[in-house]
Amino acid sequence: MPVVELSYERLEGLVSRGGGGTRVSRDEISEKLPYLGLDIEYDDGDAVRIEYSPNRPDYATDVGVSLALQGLLGVRMGPVPLDAAPPAPSGPDRIVARRQVAGVRPVITGIMARGGTLDDHMLRQLVTLQEDLHLGLGRGRKKVAIGLHDASKISGGFPLTYTAVSAGHRFVPLNETKEMTISQIIKGTKAGRAYGHLVAGHERFPAILDGGGNTVSLPPIINSAMTAVTTGTTDIFVDVTGVSQHAAEDALAIVAVTLRAAGFSLERIGIGGGRNRTPPLETRTIPVSVGRANEMLGLGLSVSDAASCLERCRLQPVPQDSSGGGQNDVIPCLVPPYRPDIVSEVDLVEEIALGYGTWRIRPVLSPSKTFGAYDAASVTHDAIDMALVGMGYVEALNPGLSNARILYEMAGRRTPPRSRMISAVDSKSREHSVLRDSLLPGLVENLSRNIHEEYPQKLYETGTVFLRGGRRAAGSSKRADDAPPVSERMHVAAVAAHTDSGFSEAKSVLQTVLGAAVSDASEIRTAPALHHMFADGRCAKVSIIIRDGAGGGRARGRRHVIGYAGEIDPAILSAYRIRVPAAGFEVSLPDVPPAAA
Amino acid sequence: MPEMVLHIIEKKIISSLRSEPHQSLGRLAGSAGLSLDQARRGVEWLRHKGLAEVSESEETAISLGKNGMRLPHTMLPERQLLDMLLKGGPQEMPVLQDNMGPLFGVAMGIVKRNGWAATRSEKGRIVVSAAPPKDIPGMLPGEATMRALAGAEGGPISAESVDPSDLESLLRRPELVTKTVTKTKHVSLSEAAGSVDASFDEGREGGAKAGAIDVGADVPAAPRGRRHPLKEVISEIREIFVTMGFSEVSGSVVQPCFWNFDALLTPQDHPSREMQDTFYLDVAPGGLDSTPAHTRRISKAHRDTWHQKWDAAEAGRMVLRTHTTCVTLRRLLQSPDALGDARIFSLGRVFRNEKTSYKHLAEFTQVEGVVHEAGSTIRGLMGIQAEFYRRLGLPKVRFWPTFFPYTEPSFQSMVYNERLGKWVELFGMGIFHPHVTRGLKHPVLAWGGGVERIAMLKYGVDDVREFYANNLGLLRGMRRRDDA
């Protein structure tokens, strides 16, 4: 989640502005910030670091946060007017998109903000907003990229042309002093290396040129040095380019409201060419039923209560037409263009809750109409836990996403090709890269981490293991031909390490565990077997015999192999530097019928 | 010196040490008529009382290694070869090879290097013959040690009982013999023990007075079995849910993107779906496991909400679930009683492709509850939350608004922690977006979050990785705090 640091002093000033003299204190501000959905990460009384949700990029600046605080604190409510002057109705378009960009990055929009003052602080806030929009809404500048320009420095003036130029096109990019070709910019600048790939693969690159043919911007990579915004800039031209008109206009509206609230006046610019249009920056009307809001929230708000809640969220409920008569509880609400997060009625219900004040919503507990029940697997697991803990075992918890070293290399198996394991793609840590197909390798690894602890050591684990190939989970609604590529099973494994450990102990503990977890109408058989974890001649295949109908429809007296028991191969122990012998078992639980009640 | 009450075991040890002053622990057990464990405990008590002294000595033992055990008659392969040559005269190489099997190569190398045998070519065949007997030592290097080991059925025998250079020549060869160092404890009486009365009456052993023991003495800790502390918290949470009317459900860890993301309206180009945040599996895509009608609804909701095309192939990629919402939601939408009242919950592992740190794990446990019944409200949801936390021993709760892509409105619960002196973020909650639960009769309340966070408060743990470190000392010692 994005984080921004704000100064209380500035917030106080911004929130109190236009409040008719009411001065809002920093205590009031810090108390209300969380109720806007802003998490306070750090607060030293002068500065506050807040984390905001990715759906509210308008909170990336203190002016944006102040608009919301004004509403919640009741200083100024209702809509934030953009007052964007319309373009001359018959005037020529001031930005024209050429056909050449259609296949590369077709969308352009923009706005002019004039007569503001940009101090160092505001400049930094704008950059933060821009970066946040690039990252979230802009999907790393792929969908949307924003350029801010000092309008007075566009030397060739308007109209601007949005077109495509060749890789040999030259200009001085931002933060450089010499002219560079586009190829040089992509290879030789930080921005070029980071974003060049977004337009690579085309022979020509999107560029914004001014009336004199000077380069204004090379979206989405970098602006030109010519139009750099600095402290003291009074007129800002904002361009937004991208592949989605929706997203571009949303981003533009958020930058526009921020500049407006920072004291700039807005002028819309005529835009044409391709499917581009002059940005409408229009409010949308979304109706919300107060009855529905009350039903969802559990409140008893009147229509006018709800309307005032919406106003506290800087929205514009349209006054009810009383002549319409009756008990119409639907409020048509005007939503400004900088709130693209509001799409439907439930979003407005949330706004009503926010405007009402979450701290005022009291919890209410009503009795349950249903009776609770445990999952059958949990009941079995409890029985297994009781049995093993009773025998002195300590439960271990290992990750299901383990690694080839623990599962194969150290467990006496050759590491199979990737097609035989279940690997995670591009894991950030090698430690978590392969799904486990058994529990015992993890437990033996755990012993190796505890060689300095007192012996005897007895560990167990119950958990999911993963196997390639479909095996439908019980109760799944899957059709047979739609089987999942991975099947999951529940296993239990235990290991004991001490000087007298051995096969007999392992088998004996296993018998008790299965006795506790499984119907006592079943019997366990062990037959000699080979297994990579266990020493040859000290390993058994474990089967369970269902004697009666306890198997839930399984054939009577049928033998099911459920796992292995034995003495851990001394070679495995010595590779782990474990100096005492160890023995244990691992069995699969889904094949085990549940204990008779 | 003050009178000291001694246990019968201690008296037996003292008497034995008075007749033989310096004994190994094992010998002492035998001579005092005690089990090894009794002797060990008795010595430990005496040591605490300053009556006995324990010293440790190291002994190196050798025994046959993996390859040594495979040798026929524990005979060095070079000796075997020489025997054949000395008894049977010069022989062709393939014949020898057949007789000796895989050991021939090793044997041949050694005898040639030492000049104990030579090869020559005869009509295209290679013939091996032994050197004159006077040029072959009676005892080959290492042979004396091998014989000693053979005599002791492979060992272990003391390393001091064999010639060091003889042994060294064997240790250089792979796994013929292995060397183990064992430490032996030797017990002797301290000076203070001289004046102690160690007399005991065999007939009254265990009796009232003579058998009286020092009940104030230190004893070793009895090892305790234990469920994992995190599992204890998980069980507690499970219990609370069930007593509040919820039924537990479980589901797959591996899910198609469809249920993990698309069904929850996460846009297909959303950053959280990228590989940096989600574990995609290197397996073929599975089916969506959805009904055609539901798939159509979701596809349309994506187009309407996010203004972009919805790709069914993307929805079929398999991931490790990033939350348990997919499990509860599937159960609601797929269970035949979907239209009745239902309170269900699920507990299980979830995964995020993150670097682990003291507050983040790549794999952790989540609990998730949903309520589908008439008249569900946010206030009711807050009530369930507050009651849940109260039962967990976390009475100070409040709610802040927040954002989740699939609930509207959304809140997060905060609980106050005395030890940390601050509000701690716990579960997220809200009402599922209507797109997510279309087809159900009522709006669905949902909430959930990580269990480890609660366990951290309960045990006063500040590094979440401790729960998966499987450190026995920690697992045995972790205690609940009452200021959680």
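Guide: Please keep in mind that this is a predicted model. Let us begin with helix α10 of chain A, which covers residues 345-356. Helix α10(A) has 12 residues, and from its first C-alpha to its last it reaches 16 Å, close to the 16 Å expected at 1.5 Å a residue.

A residue counts as buried here if 20 or more other C-beta atoms lie within 10 Å of its own. The buried residues include V346(A), L348(A) and V349(A), and E350(A) and E351(A) are also among them. I352(A), A353(A), L354(A), G355(A) and Y356(A) are buried as well. Just after the helix, G357(A) takes a positive phi of about 105°.

In α1(A), residues 8-16, the buried residues are L11(A), L14(A), V15(A) and S16(A). These buried residues pack against β1 (3-7), α2 (26-32) and α3 (62-72) of chain A. Just after α1(A), G18(A) takes a positive phi of about 75°.

Most residues other than glycine have a negative phi, and most peptide bonds are trans. D83(A) has a positive phi of about 45° although it is not a glycine. D83(A) lies in the loop between α3 and β4 (95-97) of chain A, and is exposed, with 9 other C-beta atoms within 10 Å. In chain B, H307(B) likewise is not a glycine, yet has a positive phi of about 55°. The loop between α12 (292-306) and α13 (312-315) of chain B holds H307(B), which is exposed, with 12 other C-beta atoms within 10 Å.

Cis peptide bonds may be inspected next. The bond from Y455(A) to P456(A) is cis, with omega near 0°, and P456(A) sits in the loop between α13 (440-448) and β22 of chain A. In chain B, a cis peptide bond with omega of about -5° joins E408(B) and P409(B). P409(B) belongs to strand β14 (residues 407-417) of chain B.

Finally, consider a pair of helices in chain B. The axes of α6(B), residues 93-100, and α7(B), residues 103-113, come within 8 Å and cross at roughly 125°. That angle makes α6(B) oblique to α7(B). L96(B), Q97(B) and M100(B) of α6(B) form the contact with L103(B), F104(B) and A107(B) of α7(B). The residues of this contact divide into five nonpolar, one polar and no charged.

In the loop between α7 and β4 (117-122) of chain B lies W116(B). W116(B) is buried, with 22 other C-beta atoms within 10 Å. Leaving aside neighbours within four places in sequence, W116(B) is in contact with residues including L82(B), V111(B) and I136(B).

Methods
Residues are numbered from 1 along each chain as its sequence is written. Chains are lettered from A and ligands numbered from 1 in the order in which they are written. This is a predicted model: local features need pLDDT of at least 70, side-chain atom pairs count only at pLDDT 80 or more; totals for chains, interfaces and linings use all residues. Helices (H or I, at least four residues) and strands (E, at least two) are DSSP runs, numbered from the N terminus. The expected span of a helix is 1.5 Å times one less than its number of residues. Axes are lines fitted to C-alpha atoms, for helices over the stretch in contact, and angles run from 0 to 180 degrees between N-to-C directions. Angles under 35 degrees count as roughly parallel, over 145 as roughly antiparallel, 65 to 115 as roughly perpendicular and the rest as oblique. Two residues are in contact if their C-beta atoms, placed from the backbone, lie within 7 Å. Ala, Val, Leu, Ile, Met, Phe, Trp, Tyr, Cys and Pro count as nonpolar, Asp, Glu, Lys and Arg as charged, and the others, Gly among them, as polar.
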